[in-house]
Amino acid sequence: MAHTGTTRLETQLLHSGIAEFNPKTQSAPVALPSMRTSTVRFASLEALDHALADKADGERIATYGRSGMDTHAALEEVFCELEGTQRAFLAPSGLSAVTLVFMALLNAGDHVIVADCVYGPVRHLDKTVLRRMGIEVSYCRAEPGALESQVRPNTRMLYVESPGSLLMEMLDLPALAEFARRHKLVLAADNTWGAGYVYRPLDLGVDVSAVAGTKYIGGHSDLMLGAVMANDPELVRRLNETHYAMGYSISADDAWLALRGVRTLPIRMRQHAENALRVCEFLASRPETARIYHPAWPQDPGHALWQRDCHGSNGMLSVELALDHAQARRFVNALTLYGIGYSWGGFESLVQLVEHAPLTQHSYWGGGDNAVVRLHIGLEAVEDLVADLAQALDKARA
Ligand SMILES: Cc1ncc(COP(=O)(O)O)c(C=O)c1O
């Protein structure tokens, strides 16, 4: 990283992962090129021996294309900057980053406690792979009081997601870190919501952070990406070993797109967050709104934790609407600026009608018949986003 003389992440983010000056010309491209290659060639066997020796000493030396060259190294550096770590491992999707955490840090016969607010496919990973590998999983509300009775002699890890990406449930990460330390558990967190910018789990005592770069890091809905970050040398060793063994690799072009996207992360996040709060204000003024789930919204039960632990927010919110199923479907179908789709973190607004079946797995969900809608508030003019919601709500009740 260039020496910026600042600890401000906004500045560091723009000066990390940049091209080194060419020793001869003393110049460098501002935008690092996408370095596509499947392998590396050496001038002599001695040069290869030298590279292997440096690699064995822990330096990031590429001897084959799978581990990636300069573009990948630059993106790893940016992830380390964001999450405050020494190492970052890139993965081809957010879900594969999550999988890496489980596969690297657990053995057959181990037990892991998983926060019941986690992103749904983690349960699929459990059902289809972890169980088959002899890894036991239990789901629980992620509060130290509730977790205590879940600990078994073979429990090795606590895996959480804060806030949960359906109901934005804020978790008390410092309290969970204390709990994990007391029981000698690794604490791993999905930090896709915070993207290392508005929320920094390792600063709060978490051991391992996994991020779906597909969302706010890329920010333009044009790539799939994941990353896993850690500091503890033994955890890094295990992640490194499994990352290599499982053949994880991402294309240089995707690394390049992610680098381009991440440079504007701070301003995008600020605008998403500002727009989302304006949408919350609008929703709160509507008679159909029963509850808003967004930690930066002062009425959200997680607001105090959000104020204490986060440096900002983003465009994710869910809302409970007093609409029956047919009305809720009419509402979603009537929206013109919100694409009906699953992802989030891109420039655009999205909407998802959340089924009650998965919600019942979340202890945070209070039940009831209200429709639950998740919105990703994009970067459109917020007046237009609000007007679109207003006309769709009117149509839903018509
Ligand atoms: C909280 C969270 N973690 C991880 C992922 C997985 O990311 P990807 O879609 O890149 O596999 C998602 C995707 O929606 C997510 O919402």
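Begin by selecting the ligand, around which 14 residues gather, the closest being Ser93, Gly94, Leu95, Ala212 and Thr214; a residue counts here if its C-beta atom, placed from the backbone, lies within 6 Å of the molecule. What you have open is a predicted model, in which local features need pLDDT of at least 70 and side-chain atom pairs count only at pLDDT 80 or more, while totals for chains, interfaces and linings use all residues. Residues are numbered from 1 along each chain as its sequence is written.

Colour the shell around the ligand by class and you will find five nonpolar, seven polar and two charged residues, where Ala, Val, Leu, Ile, Met, Phe, Trp, Tyr, Cys and Pro count as nonpolar, Asp, Glu, Lys and Arg as charged, and the others, Gly among them, as polar. The largest share of this shell, three residues, is supplied by helix α4, residues 94–105; helices (H or I, at least four residues) and strands (E, at least two) are DSSP runs, numbered from the N terminus.

Next, show the open sheet of seven strands, whose order is β1-β7-β6-β5-β4-β2-β3 and whose pairing is mixed; two strands are taken to pair if DSSP finds at least two bridges between them. At its edges lie β1 (87–91) and β3 (136–140), each of which pairs on one side only, and from one strand to the next the twist averages 20°. Select strand β6 (residues 208–212) together with strand β7 (residues 226–230), and you have an antiparallel pair joined over five bridges, with Ala210 opposite Val228 in β7.

Bring α4 back into view, for this helix packs on the sheet, touching β1, β4 (155–161), β5 (186–190), β6 and β7, and its direction makes about 155° with that of β6. Such angles run from 0 to 180 degrees between N-to-C directions, the axes being lines fitted to C-alpha atoms, for helices over the stretch in contact, and contact requires C-beta atoms, placed from the backbone, within 7 Å. Helix α8 (residues 233–245) also packs on the sheet, touching β1, β5, β6 and β7, with its direction at about 150° to that of β7.

Move on to the open sheet of five strands, ordered β8-β9-β12-β11-β10 with mixed pairing, in which β8 (289–293) and β10 (339–340) are the edge strands. β8 pairs with strand β9 (residues 316–321) in the antiparallel sense over four bridges, and Ile292 has Val319 in β9 as its bridge partner. Helix α10 (residues 265–284) packs on this sheet, touching β8, β9 and β12 (371–376).

Finish with α10 and helix α14 (residues 382–397), which pack at an angle of about 35° with their axes 10 Å apart. To see the contact, select Asn275, Arg278, Val279 and Phe282 in α10, which meet Val382, Leu385, Val386 and Leu389 in α14; these residues divide into six nonpolar, one polar and one charged.

Notes:
Two residues are in contact if their C-beta atoms, placed from the backbone, lie within 7 Å.
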